[in-house]
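Open the model in your viewer and keep the selection panel at hand. Each stop below gives something to select and then says what is there.

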Amino acid sequence: MNTMRERETGTATMKTSDEKKESVQKKHHEIDDDSPKINYRGWKVMPFIIGNETFEKLGAIGTLTNLLVYLTTVFNLQNITAYNIINIFNGSTNFATLLGAFFSDTYFGRYNTVAFSIIISFLGLLFICLTAAIKNLHPPHCGKESSTCIGPTVGQMAFLISGLILLLIGAAGVRPCNLAFGADQFNPNTESGKKGINSFFNWYFFTFTFAQMVSLTLIVYIQSNVNWAIGLGIPAALMLFSSILFFMGTKMYVKVKPSGSPMTSIVQVIVVAIKKRSLKLPAAENPKHSLFYYLPPESMNFKLPYTYQFRLLDKAAIITPQDKINPDGSAADPWNLCSMQQVEEVKCLMRVLPIWFTSILYFLAIVQQHTILVFQALQSDRRIGHNNFKIPAASYYVFMMLTTTIWLPIYDRVAVPYVRRFTGREGGIIILQRMGIGIFLTILSMLVSGVVEQHRRNLAWSNPIGVQPRKGAISSMTGLMFIPQLILGGLAEAFTAVGQVELYYKNFPENMRSFAGSLLFCGMAGGSYLNTFLISVVHKTTSKSATGNWLPEDLNKGRLDFFYYMIAALETMNFGYFLLCSMWYKYKDTGSSSSSSNSIELNEAFNQSETSTSGV
């Protein structure tokens, strides 16, 4: 009898929920058709948003790209200290996007977050520019013949760090919100609005690429060869212009109000599951018995079917006599009872996390190509042809970026259709196969980096062409020898980094996609922190070893190639771990017949080319 009553109650709740959802949808259609309250300006406001995005990226990238050289040449810091400052700053900046997304979604909204952040970013760039322009804010210039140089004072470092902290706060708000804020300006319920959103994404990434190109070439050249004050003043001026452009469109923007962060729901499920840890789980044959099912009528999410992974989390949805249900079918206290929809959303996150951990070691290899490689370039022949023009050391990273930019359309238009003929899959290969290719390429990239460094060091000893002040002999090896490892790194980015974005987007619930997007930045942060840790440990341990310090100030006296081979070994282990995770992973299933194939385990997908996955 009790079971019958529970079923009747559940059926009544589902009917009430469905009726309410239909009424809400009708109201939305009435509002959209008869009296729309939101005036979407679409492309009319894009000059302000895309212009702001372009100049904001020019400002930020223009300063940060060459910051490693600035710290060692103007602030007279040692290589290891500069490495660690840059890695910690990059790591903290990327982790801070989680907080930025949370505060934006929960309290402030995207417009207020972006508006505040670009002002803070401008102040940060201004502070860094002043360290170069004002004589008392940086150490005395160190002559070429000087073997020892005066380092910065506590006050000078404090002023510089203050600028970096302001940049960190600004990036925490801009990075997770800029793209979503631009998409907010288009009506997602109309065909023109949907096309506008897609076009905006294309323009967004085009401006990002354009900003990187200009920053890595023109701005870096001015900083390295003309004047640091001018070179850092240009990004600050561009950021100011970016802020002005953004605020010019204020009255026309669609400003979506904060609706709450999915992180709250995640925490609720974990807390309630811990509270109810002593309860017995329903039988595996009938797991839905005594579990609470509810999907808010206004939810943007599809109903997720029950999955058997992480069943301990199901305890958060077990209904006890103390749990009360509201008339609309929702839980009276979400901190004592969660719905299975919430639990399944957390399971989506839990399934992705093991894959996400592989991104930390993946980014460890990528970060070498724009940190340590800068110092390798300084002690290499950077001349082009027989003239005196030298490629700035920080500009070599442009080859990696160009590889990614060139390969992506080739992959999309040529490689995918060709592979699709054999696999029958829409994306040619499944997402995790794409990511696995990129991780394998990082192994090759590190091996090539080690071989090139060994060749560079040998020529520095046998055939030097000059001396780099406070570093050592300049090798006669051309800097163009770095291009193969950068090409491999660029291809790895095209496979793994883009694959990560696609994995997070397609396998997270709709309301968690902004949170999912920040996982990419968190992976970068983990890679930066791990790089800091490894460099510090290797520097300390090898300085006392018989083979000598692997990472001294003069790379010619070190064994940087051993450091690269060590990372290649770590990447090999990471690749093995990734394959194990791939065999275990299951794609998100929305419960519909069209997407049920998403739950196919990837060990079958790797071995059976005829298996199809929806939307991949």
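Select Phe563 and show what surrounds it. Leaving aside neighbours within four places in sequence, Phe563 is in contact with Gln368, Ile372, Asn531, Leu534, Ile535, Val538, Trp550 and Leu551, where contact means heavy atoms within 4.5 Å. This is a predicted model: local features need pLDDT of at least 70, side-chain atom pairs count only at pLDDT 80 or more, and totals for chains, interfaces and linings use all residues. Residues are numbered from 1 along each chain as its sequence is written, and side-chain values use heavy atoms, with hydrogens and water left out.

Phe508 and Phe563 touch the most other members of the largest nonpolar core, which has 107 residues. A nonpolar core is a set of buried Ala, Val, Leu, Ile, Met, Phe, Trp, Tyr and Cys residues joined through side-chain atoms within 4.5 Å. Buried means under 20% relative accessible area, exposed over 50%, and partly exposed in between (1.4 Å probe, protein chains only).

Which helix gives this core its largest share? That is helix 10 (residues 340–368), with 14 residues. Helices (H or I, at least four residues) are DSSP runs, numbered from the N terminus.

Select helix 10 next. Of its 29 residues, 26 are buried. At 1.5 Å a residue, helix 10 should span 42 Å, and its end C-alpha atoms are 43 Å apart, which agrees; the expected span is 1.5 Å times one less than the number of residues. Go to Leu353, where helix 10 bends by about 40°, with a proline, Pro354, following within four residues. The bend at a residue is the angle between axes fitted to the seven residues ending there and the seven starting there.

Move on to Thr250, in the loop between helix 8 (228–248) and helix 9 (262–275). Is Thr250 buried or exposed? Thr250 is buried, because its relative accessible area is 19%. Apart from sequence neighbours within four places, Thr250 is in contact with Tyr111 and Lys255. Select Ala115 as well: its C-alpha atom is 9.6 Å from that of Thr250, although the two are 135 residues apart along the chain.

Finish with two loop residues. Asn76 lies between helix 3 (67–73) and helix 4 (79–108); its phi is near 55°, a positive value in a residue other than glycine. At 10% relative accessibility, Asn76 counts as buried. Phe310, in the loop between helix 9 and helix 10, also is not a glycine and has a positive phi of about 55°. Phe310 is partly exposed, at 27% relative accessible area.
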